[in-house]
Amino acid sequence: MENWKKKLMAKHALTEEDVELLTNIGETRLFSAGEQVVRMGEVNDHIYILRSGIWREYCFRDGEEATMWFSVAGEITFSVWGYVSRQPSLLFIESVVESEVLCISRQVLLDLFESSLRFANLGRRIVENFALLYERWHMQIWRQNALDRYLCLLEEYPEVVQQIPLKYVASYLGVTIQSLSRLRASVAKTTQ
């Protein structure tokens, strides 16, 4: 079984049959590196299940890009404003590297949720996982310094640190690229 499926099943308590159904109702899409998936000010009511690649969500703070989070293969990503309330997004979602995703429209999902208690519970778990992700991110920003956030990123998303431009990692940590280089050197020293 592919790794993205294993991760998706573990995170959302899905069976192989559940993933197969999602695969059948979704549309496979490819995104190139740097391609915008969700644009600020536009309504996008789809959810995306990453099969491969890395995405990031960002906004602008003081004229600079501020990366909020990353999403990797096996994770579900969507614009909360677009999906939940059909409102324009306040953030951007971008494919950082070439990505393959399963795209499912809100209406198709709502029909699925109405047809099955099991899938209605899936919808609930998606929202619950998003709430947990948001709160964890919020706590990391306010309670952890840049080094601690970097160590968490290394542990949770090693592929992000290895595969994407360092400017996005620095943006996520809220530091300059030079500060990130010092953090990386410090971590490298302690692991030798």
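## Helix H8

In H8 (166-173), Tyr168, Val169, Ala170, Ser171, Tyr172 and Leu173 are buried. Buried means under 20% relative accessible area, exposed means over 50%, and partly exposed lies in between (1.4 Å probe, protein chains only). Six of the eight residues of H8 are buried, so the rest of the structure largely encloses this helix. Gly174 follows H8 and has a positive phi, near 75 degrees. Helices (H or I, at least four residues) and strands (E, at least two) are DSSP runs, numbered from the N terminus.

This is a predicted model: local features need pLDDT of at least 70, side-chain atom pairs count only at pLDDT 80 or more, and totals for chains, interfaces and linings use all residues. Residues are numbered from 1 along each chain as its sequence is written, and side-chain values use heavy atoms, with hydrogens and water left out.

## Two nonpolar cores

A nonpolar core is a set of buried Ala, Val, Leu, Ile, Met, Phe, Trp, Tyr and Cys residues joined through side-chain atoms within 4.5 Å. In soluble globular proteins, nonpolar side chains tend to be buried together. The largest core here has 20 residues. Phe70, Tyr150, Leu153, Val160, Ile164 and Val169 touch the most other members. Two or more residues come from each of S5, helix H6 (146-156), helix H7 (158-163), helix H8 (166-173) and helix H9 (177-190). H8 gives the most to this core, with five residues.

What does Ile164 contact, leaving aside its neighbours within four places in sequence? Its partners are Ile54, Phe70, Val96, Val97 and Val169. Contact means heavy atoms within 4.5 Å. There is also a second, separate core of 19 residues, which includes Trp4, Leu22, Ile47 and Phe119.

## The largest pocket

On a 1 Å grid over the protein atoms alone, a cavity is a set of points where a 1.4 Å probe fits but cannot get out, and a pocket is an open set with protein on both sides within 12 Å along at least five of seven lines; lining residues have an atom within 4 Å of a point. Grid points are joined across faces, edges and corners, and a volume is the space filled by probe spheres set on the points.

The largest pocket holds about 250 Å³ of space. Its lining is made of Arg61, Asp62, Glu64, Glu65, Ala66, Lys167, Tyr168, Ala170, Ser171, Gly174 and Val175. S5 and H8 are the elements that give two or more residues to it. By class, this lining has four nonpolar, two polar and five charged residues. Ala, Val, Leu, Ile, Met, Phe, Trp, Tyr, Cys and Pro count as nonpolar, Asp, Glu, Lys and Arg as charged, and the others, Gly among them, as polar.

## Cavities

How many cavities of 30 Å³ or more are there? The count is three. The largest cavity holds about 190 Å³ of space. It is lined by 14 residues, and Lys11, Ile76, Thr77, Phe130 and Leu133 are the closest to its centre. H1, S5, strand S6 (76-78) and helix H5 (117-143) each give two or more residues to the lining. The largest share, four residues, comes from H5. The lining of this cavity divides into eight nonpolar, four polar and two charged residues.

## Helix H1

H1 covers residues 3-12, and Trp4, Lys5, Leu8, Met9 and His12 are buried in it. Seen down the axis of H1, these buried residues fall within an arc of 130 degrees, so they line one face of the helix. The arc is that of the directions from the helix axis to the C-beta atoms. An α-helix has 3.6 residues a turn, so residues three or four places apart point the same way. The face of H1 turned away from the buried side carries the exposed residues Asn3 and Ala10.

Glu2 sits in the segment before H1. Glu2 is partly exposed, with a relative accessible area of 46%.

## Positive phi angles

Asp62 is a residue other than glycine with a positive phi, near 55 degrees. Asp62 lies in the loop between strand S4 (54-61) and strand S5 (64-72). Asp62 is exposed, with a relative accessible area of 78%.

Arg86 is not a glycine, yet its phi is positive, about 55 degrees. Arg86 lies in the loop between helix H3 (80-85) and strand S7 (92-95). Arg86 is partly exposed, with a relative accessible area of 45%.
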